[in-house]
Amino acid sequence: MLSVVAFAALCYISQAASHIEASWSFCTGSDATQCQYGKFANISGETFIPNPPPVGSNFSIMGTGYSLEAITDPSYEMHIQDGAFVNQVIKEDGCVPYHYSFPLNDGDLYYEGVKCPIEVGPVSIPLTAYIASKAPTGTATTVLKLFDQPKQAGNCVLCTVTTLKIT
C-alpha cells in the first residue's frame with residue numbers, strides 16, 4: 001500500500017509546474033466580431049515581466065494600447081480556462097482591482113484596475129499572476145474584454161487572449 005501512495009506522489013510531483021511559456025494574441029471568432037480591433041482602441045501588445053515568467057513567484061502582465069475614445073466608467077469580462085477544472089467568467093468594474101484564486105491554491109490572478117477615467121491616448125491594463133510550483137502542467141488561457149460602459153455594456157473596445165503553457 002505504501003508503494004502505491006509513493007508512486008501516486010511521484011506521479012503528481014513529476015506533473016508539477018517547473019516552466020511557464022507566456023504568449024498573447026488578438027481575439028478571434030465571435031470575440032473579435034464583438035470587439036473590433038481599431039474601432040475604439042488599438043492594442044500594441046502584452047509584456048510579461050520577467051519573461052519567461054517564474055514558477056512560484058509573482059510576475060506582471062502589462063497590456064498596452066491606445067484608446068480612441070474617452071471612457072469614464074469602464075468594465076471588463078475575463079474568461080479564465082485551465083483544463084477541466086477551471087472555466088470561470090468574471091465581470092467587474094474596470095477601475096477596481098480584483099483577485100481570482102485558482103482552485104487548490106495552484107495560482108492567483110490579480111486584475112489591478114485601469115487608471116480611470118481613461119482618456120484618449122495611451123492606456124495600460126496591469127495584471128499580476130502567480131503559478132504555484134505544485135500546479136499541474138497544462139495550458140491556462142484568459143480572454144480579457146474591456147467595455148466602455150459599466151456592467152459590460154456599451155462597446156467592447158479591446159480583446160486579448162493570454163496563454164500560459166505550464167510544463
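# Briefing: a buried aspartate and its surroundings

Asp148 is buried but forms no salt bridge, and the nearest side chain of opposite charge, Lys39, is 9.9 Å away. The model described here is predicted. The protein contains two helices and 10 strands, and 41% of its 167 residues count as buried.

**Overall layout**

- Along the sequence, the elements follow the pattern α-β-α-β-β-β-β-β-β-β-β-β.
- The C-alpha trace spans about 65 × 30 × 25 Å along its principal axes.
- Of the contacts between residues at least 6 apart in sequence, 61% join residues at least 24 apart.

**The five-stranded sheet**

- Five strands form an open sheet in the order β2-β3-β8-β7-β6, and their pairing is antiparallel.
- Its edge strands are β2 (41-49) and β6 (98-101), each of which pairs on one side only.
- On average, neighbouring strands of this sheet are turned by 15° against each other, direction ignored.
- Strand β2 runs antiparallel to β3 (residues 58-67), and eight bridges join the two.
- Within this pairing, Ile43 stands opposite Gly65 in β3.
- In general, the strands of a sheet pair through backbone hydrogen bonds, in either a parallel or an antiparallel manner.

**Asp148**

- Asp148 sits in the loop between β9 (138-147) and β10.
- A polar atom of the Asp148 side chain lies 2.7 Å from the backbone nitrogen of Asn155.
- Leaving aside residues up to four places away in sequence, Asp148 touches Glu69, Ile71, Asp73, Ala153, Gly154, Asn155 and Val157.

**Cys156**

- Cys156 belongs to strand β10, which covers residues 156-166.
- Cys156 counts as buried because its relative accessibility is 3%, and the cut-off for buried is under 20%.
- Residues up to four places away in sequence aside, the contacts of Cys156 are Gln34, Cys35, Gln36, Phe40, Lys145, Leu146 and Phe147.
- Gln88 is 68 residues from Cys156 in sequence, and the C-alpha atoms of the two are 19 Å apart in space.

Definitions and conventions:
Residues numbered from 1 in each chain as written. Predicted model: local features only at pLDDT ≥ 70, side-chain atom pairs only at ≥ 80, totals over all residues. Heavy atoms only, no water. Pairing = 2+ DSSP bridges. Helix = DSSP H or I, 4+ residues; strand = E, 2+ residues; numbered from the N terminus. Axes fitted to C-alpha atoms, helices over the stretch in contact; angles between N-to-C directions. Buried < 20%, exposed > 50% of the residue type's maximum accessible area, 1.4 Å probe, protein only. Contact = heavy atoms within 4.5 Å. Lys, Arg positive; Asp, Glu negative; His and termini not counted. Salt bridge = Lys/Arg side-chain N within 4 Å of Asp/Glu carboxyl O. Polar contact = N/O pair within 3.5 Å; in protein donor to acceptor, adjacent residues only side chain to side chain.
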